[in-house]
Amino acid sequence: MGAVKKAYYRGFQAVFNIGARCLYWRRPIPVSGVGAVRRIPELLKAEKVERVMVVTGPTVGRTLAPRILAELDSAGIAWTHFPEVEANPSVSTVERIRKLYLDSACQGFIAVGGGSPMDAAKAAAARVVRPNTPLGKMAGLLKVMRRIPPFIAVPTTAGTGSETTIAAVITDGETHHKYALMDLHLVPKYAVLDPEMTRELPPKITAATGMDALTHAVEAYLCWTYNTAESIRLAEEAVCGIFRFLERAYRDGEDMEARTEMLIAAFKAGFAFTRAGVGNVHAIAHTLGGLYNTPHGLANAVILPIVLEDYGAAVEKKLAKLASLTDLMTGGGDAEKAAAFIAEIRAMNRRMGIPTGFDFIREEDIPQMVAWALAEANPVYPVPVLYDEARCEKVIRRIIAEA
Ligand SMILES: [Fe+2]
């Protein structure tokens with residue numbers, strides 16, 4: 001990469017860092033443990049919510065939501081349920097939620113599920129407090145600027161960290177344009193981390209979503225500039241938690257201690273990357289999602305060790321620290337310890353049936369992948385090593401070669 005471009009990217013990140021440090025980075029109040037959803041009525045009562053809008057997708061609407069609705073019934077809290085959030089929620093879905101919310105005079109939101117119901121409910125909440133501003137006009141950074149109604153996020157996977165983020169990603173149904181509302185007011189007030197909500201997750205999804213959380217924690221940890229003492233500590237704790245508990249949850253879905261600890265680790269990793277960003281692993285993984293529908297966590301799991309190896313000496317010190325904290329290797333030099341950390345990620349993947357590479361990447365798609373990945377990562381992502389076309393292509397070729 002040319003020196004001018006490099007200086008521009010690093011300068012951009014340094015300026016962005018100053019701006020970010022002036023903001024108030026709230027994080028949700030976590031309520032965790034077996035049966036945590038039973039505490040939802042008490043949270044709503046504390047917020048003086050008498051009627052709540054419950055937002056889910058169709059599957060969670062049938063399987064997990066009834067447990068929460070029953071808790072609300074027995075506590076005498078009225079509810080309205082919108083069970084139709086699709087993957088990649090559209091503007092029209094958000095508007096339907098908003099209308100139902102207003103028509104039934106709700107006073108708060110509960111979003112249950114993965115990313116989509118949280119995105120849709122957050123966007124609807126933004127529209128409730130910004131009745132005269134269309135969603136498209138709130139795309140981008142800090143455009144909501146008003147406190148949303150009380151918002152409870154209930155994740156049903158331990159990985160995405162959606163319950164912690166400032167973003168709501170929405171797709172315009174007509175133009176297919178995907179955009180994000182990003183505002184600190186969109187951070188949920190509470191994150192209810194109940195392992196019962198993840199009990200039924202099949203091992204494959206447990207593994208992939210868990211590795212997504214690991215990638216959030218590691219990429220945030222390797223950030224050169226936006227980190228704070230708190231985001232560093234939470235990233236370290238998340239890595240330790242995932243190393244200890246992910247494979248237990250993978251092997252035995254009924255292990256409620258492992259399920260709880262994974263939800264907590266994913267929550268911490270979510271806060272770390274909300275504050276410190278992700279990096280080249282995510283940028284490349286997103287291109288695989290777009291072109292081949294590769295599940296996000298699976299793509300991250302495969303790409304993470306390859307990118308870490310490619311970063312080489314630039315990340316040795318930090319990876320060595322993670323190797324010590326996870327008790328992988330406490331003696332030895334940084335290079336050796338960093339290599340042990342990467343080797344353990346590969347070993348975890350192997351033990352959970354995650355492949356070492358992807359053979360389905362088509363040669364003719366590589367230029368597009370490179371273009372998309374660089375456009376996503378540069379200049380915003382505070383990566384330890386800036387990628388140019390040649391280096392990004394080399395990594396993508398490695399992903400194919402390792403299959
Ligand atoms: Fe992710």
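Two residues are taken to be in contact if their C-beta atoms, placed from the backbone, lie within 7 Å. The structure is a predicted model, in which local features need pLDDT of at least 70 and side-chain atom pairs count only at pLDDT 80 or more, while totals for chains, interfaces and linings use all residues. Residues are numbered from 1 along each chain as its sequence is written.

The 13 residues of H5 reach 18 Å from the first C-alpha to the last, close to the 18 Å expected at 1.5 Å a residue, the expected span being 1.5 Å times one less than the number of residues. Within H5, Val91, Thr93, Val94, Ile97, Arg98 and Tyr101 are buried (20 or more other C-beta atoms within 10 Å of the residue's own; exposed, 12 or fewer; partly exposed, in between; C-beta atoms placed from the backbone). Viewed down the axis of H5, these buried residues fall within an arc of 165° and therefore line one face of the helix; the arc is that of the directions from the helix axis to the C-beta atoms. Exposed residues Ser92 and Asp103 are carried on the face turned away from the buried side of H5. The cover over the buried residues of H5 includes strands S2 (51-55), S3 (78-82) and S7 (167-171), together with helix H6 (115-129).

Arginine 147 is located in the loop between strand S5 (140-141) and strand S6 (151-155). Arginine 147 is exposed, because 10 other C-beta atoms lie within 10 Å. Beyond its neighbours within four places in sequence, arginine 147 is in contact with Val129 and His185.

Notes
Helix = DSSP H or I, 4+ residues; strand = E, 2+ residues; numbered from the N terminus.
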